[in-house]
Amino acid sequence: MKMAFNRDPEAAARHASIPLRRVMVLNPNTDPQVTALLRRAARASAPPGCRTFTRSVSSGPTALRDAADLVIAERQVLSLVRAGCAPDGLVIAAFGDPGLEAAQAVAAFPVAGLGASGLAAAAAHGRFAILTLGPGMDAPLRARIARLGLADGLAGLRYLDADIPDVARNPDRFLPAIEAEARHAADAGARALLLGGAPFAGLGQRARAPIPVIDGLKAAIDAVLAR
């Protein structure tokens, strides 16, 4: 059965009557392919009453592969927020959510992270599994899941055998692997599969899977609009 989460009529009804809100989707790396992918996926995910626009940080790594990359990205995210950007909401579009808590503390608008929002959306289904990129992030990711109190609900954490730019360049090529991981997750008792990372944006609703495949970008946009 094909999962289609982006065109939820109930979500559309909830947002149809609110004033137009402008949500910035910020790519914390400097890869233009990731930024372009996020732009397309955000526009497809935005409900009525929301207009998205996308930008990337001005400098830093082209992909966030380890904890050191997250530190660099966090500085760039906070620099942009402190420079006075004034959207109605901000989505930090990386699974590691660089600068999320600090940005939430200083911004005059709601800020959500692709990672935290996706984890919350997946956990709402019960036991969940994660498919992500970059095994160099394993330790900080598991630590974060524990800090959020979600470790007991984690049914599995697996890494796609691909590099971040490869997925961003041709995401549909990886749909069969994602669908296979969703079946594996369901067999392991998961009630949902979270796709962890910006290059996966938009793929969740195109995956044919026995369980919901959660798109962290859509979850983050919904989280911003709910505040």
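Modeller: On a 1 Å grid over the protein atoms alone, a pocket is an open set of points where a 1.4 Å probe fits, with protein on both sides within 12 Å along at least five of seven lines; a lining residue has an atom within 4 Å of a point. This is a predicted model, where local features need pLDDT of at least 70 and side-chain atom pairs pLDDT 80 or more, while totals for chains, interfaces and linings use all residues. Residues are numbered from 1 along each chain as its sequence is written, and side-chain values use heavy atoms, without hydrogens and water.

Colleague: Which residues lie nearest the centre of the largest pocket?

Modeller: Rolling a probe the size of a water molecule over the atoms shows where empty space is left. Here Leu70, Phe95, Gly96, Asp97 and Met137 lie nearest the centre, out of 28 lining residues. The pocket holds about 460 Å³, counted as the space filled by probe spheres set on grid points joined across faces, edges and corners.

Colleague: Which helices supply at least two residues each of that lining?

Modeller: α3 (67–82), α4 (100–106) and α6 (138–147) do; helices (H or I, at least four residues) and strands (E, at least two) are DSSP runs numbered from the N terminus. The largest share, four residues, comes from α6. By class, the lining has 16 nonpolar, seven polar and five charged residues, where Ala, Val, Leu, Ile, Met, Phe, Trp, Tyr, Cys and Pro count as nonpolar, Asp, Glu, Lys and Arg as charged, and the others, Gly among them, as polar.

Colleague: What is the strand order of the open sheet that contains β1?

Modeller: Strands of a sheet pair through backbone hydrogen bonds, either parallel or antiparallel. In this sheet the order is β2-β1-β3-β4, with parallel pairing (a pair needs at least two DSSP bridges). β2 (50–56) and β4 (111–113) are the edge strands with a single partner each, so one side of each has no neighbour in the sheet. Strand β1 (residues 21–27) pairs with β2 over seven bridges, and Arg22 has Arg51 of β2 as its bridge partner. Helix α9 lies across β1, β2, β3 and β4, at about 155 degrees to β3. Such angles run from 0 to 180 degrees between N-to-C directions of lines fitted to C-alpha atoms, for helices over the stretch in contact.

Colleague: What is the order of the sheet with β5?

Modeller: β6-β5-β7-β8 is the order of this open sheet, and the pairing is parallel. Its edge strands, β6 (154–159) and β8 (213–215), each pair on one side only.

Colleague: At what angle do the axes of α5 and α9 cross?

Modeller: Two packed helices are described by the angle and the distance between their axes. For α5 (residues 114–123) and α9 (residues 216–225), the axes cross at roughly 95 degrees and come within 7 Å. They are therefore roughly perpendicular (65 to 115 degrees; under 35 is roughly parallel, over 145 roughly antiparallel, the rest oblique). The contact (heavy atoms within 4.5 Å) involves Leu114, Ser117, Gly118 and Ala121 of α5 and Gly216, Leu217, Ala219, Ala220 and Ala223 of α9. Six of these residues are nonpolar, three polar and none charged.
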